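I opened the model to look up a few things before using it. These are my notes, in the order I made them.

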Amino acid sequence: MARKVTVRDVAAAAGVSTATASRALTHSPSVNPEMARRVLKASSDLGYSANVFARALRTQRTDTIGMVVPSINNDYFTAAVEAVEKELADSGRSLILCDARESVETEAQRIELLVQRMVDGLIVVPVTAFDSVPAIEQAVQQGPVVLLDRWADAAGADYVGGDNADGLRQCVVHLREQGCSSIVYVGAQPRTSTAYERHKAFRELMEPDSGADGPGVHGSALLGEFSFEWGVEATRQLLAGDVLPHGIVCGADIIAVGVLSTLREAGVVVPDQVKVVSYDDSFLGRLTMPRLSSVRQPIDAMAAEAVRLLDDRSGRTDAPVRKSIFMPSLVVRESTGR
């Protein structure tokens, strides 16, 4: 059996000390760039493979962050993962991704697995606002945790999200400006913070004294799941009614895609007969016919803030919990008659 290549072998091939080679292989900024280049080339030439777990035991760091999302099938969560991974890569770190499959039990298992893998921190998009709490709080005891996009009532976890009330306000105001006097909200049951806050904002905006709906504007809500299938089902319910609303606000793009496809199948012309606006501005919503007007969240900035809070929390478990809220912006496209 061939002898395993060691750091000493890499150092000898690169003409540097073992300590310098070790620092270069961990991308330490203290190493001269030319020496670092020689070390990395020697490492590649020799086929050196670092013992990650041994180094983790020695340094108490793995340079990996764990991330758990409710469903990787949701295009918005895919964008969030990509943004976090890019942010980590810029600092020489890696991401381990887990899909909770919309299950609190699976989410808890994935969180426990990542903690056992000795990740340096966790970024979690909770499946629910309350049932996800025990697993998150247990993880907080082991290291820093940041909740992204969705909030959960978990002690010790920092939070980065968007202003859902303002985003919904922009949707309703836009539809009103487009002449809609009847508006239906198609969203999810309030099991997550995003579902709750968006529905709550819609209800408040439909109140006569809100100042946002205007004279004669009225609205109702259909609540199900953040899914394409629910968008289809909710639209079928609307089509079965006597009169279609002038405007539809969707709680997420994945719902809106189901809404648009079902309206199209029924021969309803968007935006001429019904105007549709949504939330998340995902890539999927830009492929619809017509293209979807949607609220954009600054996901790159939110990902950067989540990583920053993780780094800042490391070693400071007693620091106060922080919440960072980012303002969204409505991107108007053809589904509302741009």
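The entries below go from the whole chain to single residues.

**Entry 1: confidence.** I noted to begin with that this is a predicted model. The mean pLDDT of the chain is 91, and 92% of the residues score at least 70.

**Entry 2: the whole chain.** I counted 12 helices and 12 strands. Along the principal axes, the C-alpha atoms fill a box of roughly 80 × 40 × 35 Å. Of the 338 residues in the chain, 51% are buried. The accessible surface comes to about 16200 Å², and carbon and sulfur atoms account for 52% of that surface. I also checked how far the contacts reach along the sequence. Taking contacts between residues at least 6 apart, 68% of them join residues at least 24 apart.

**Entry 3: helix α7.** Which residues of α7 are buried? In this helix, residues 133-140, I listed Val133, Ala135, Ile136, Ala139 and Val140. They lie on the same side of α7 because their arc around the axis is only 165°. The general rule I had in mind is that an α-helix has 3.6 residues a turn, so residues three or four places apart point the same way. Pro134 and Gln138 are exposed, on the face of α7 turned away from the buried side. I then asked what the buried residues of α7 pack against. The partners are α6 (104-116), β3 (122-124) and β4 (145-148).

**Entry 4: Asp131.** I took the C-alpha to C-alpha distance from Asp131 to Arg191: 9.0 Å in space, for 60 residues in sequence.

**Entry 5: salt bridges.** The search of the whole structure returned 16 salt bridges.

- Asp158 and Arg322 meet through their side chains at 2.8 Å, N to O. Asp158 lies in strand β5 (residues 158-162) and Arg322 in the loop between α12 (299-313) and β11 (323-326), so the pair ties together parts 164 residues apart in sequence. Asp158 is buried, at a relative accessible area of 0%.
- Arg308 and Glu305 form a salt bridge at 2.9 Å, N to O. Both lie in helix α12, three residues apart, which is about one turn of the helix. Arg308 is partly exposed at 44% relative accessibility, while Glu305 is buried at 13%.
- Asp90 and Lys86 form a salt bridge with the closest N and O atoms 3.5 Å apart. Asp90 and Lys86 are both exposed.

I went back to the Asp158 pair to see what else was attached. Asp158, Asp312, Arg313 and Arg322 are linked in a network of salt bridges.

**Entry 6: backbone exceptions.** Most residues other than glycine have a negative phi, and most peptide bonds are trans.

Where are the cis bonds that I noted? One joins Val270 and Pro271, with omega about 10°. Pro271 is in the loop between α11 (253-265) and β9. Another runs from Met289 to Pro290, with omega near -5°. Pro290 is in the loop between β9 and β10.

Asp63 is not a glycine, yet its phi is positive, about 55°. Asp63 sits in the loop between α4 (52-59) and β1 (64-69), and is partly exposed at 23% relative accessibility. Met118, also not a glycine, has a positive phi of about 65°. Met118 is in the loop between α6 and β3 and is partly exposed at 32%.

**Entry 7: a nonpolar patch.** Phe283, Leu284 and Leu287 form a nonpolar patch on the surface. Together they have about 300 Å² of accessible area. Leu287 lies in the loop between β9 (275-280) and β10 (293-296), the loop in which I had already placed Pro290. Is Leu287 buried or exposed? At 54% relative accessibility, Leu287 is exposed, because the cut-off is over 50%.

Definitions and conventions. Residues numbered from 1 in each chain as written. Heavy atoms only, no water. Patch = residues over 30% accessible without salt bridge, like charges linked within 9 Å, V, L, I, M, F, W, Y side chains within 5 Å. Areas by Shrake-Rupley, 256 points an atom, 1.4 Å probe, with all protein chains shown as cover. Salt bridge = Lys/Arg side-chain N within 4 Å of Asp/Glu carboxyl O. Helix = DSSP H or I, 4+ residues; strand = E, 2+ residues; numbered from the N terminus. Buried < 20%, exposed > 50% of the residue type's maximum accessible area, 1.4 Å probe, protein only. pLDDT = per-residue confidence, 0-100. Arc of directions from axis to C-beta. Contact = heavy atoms within 4.5 Å.
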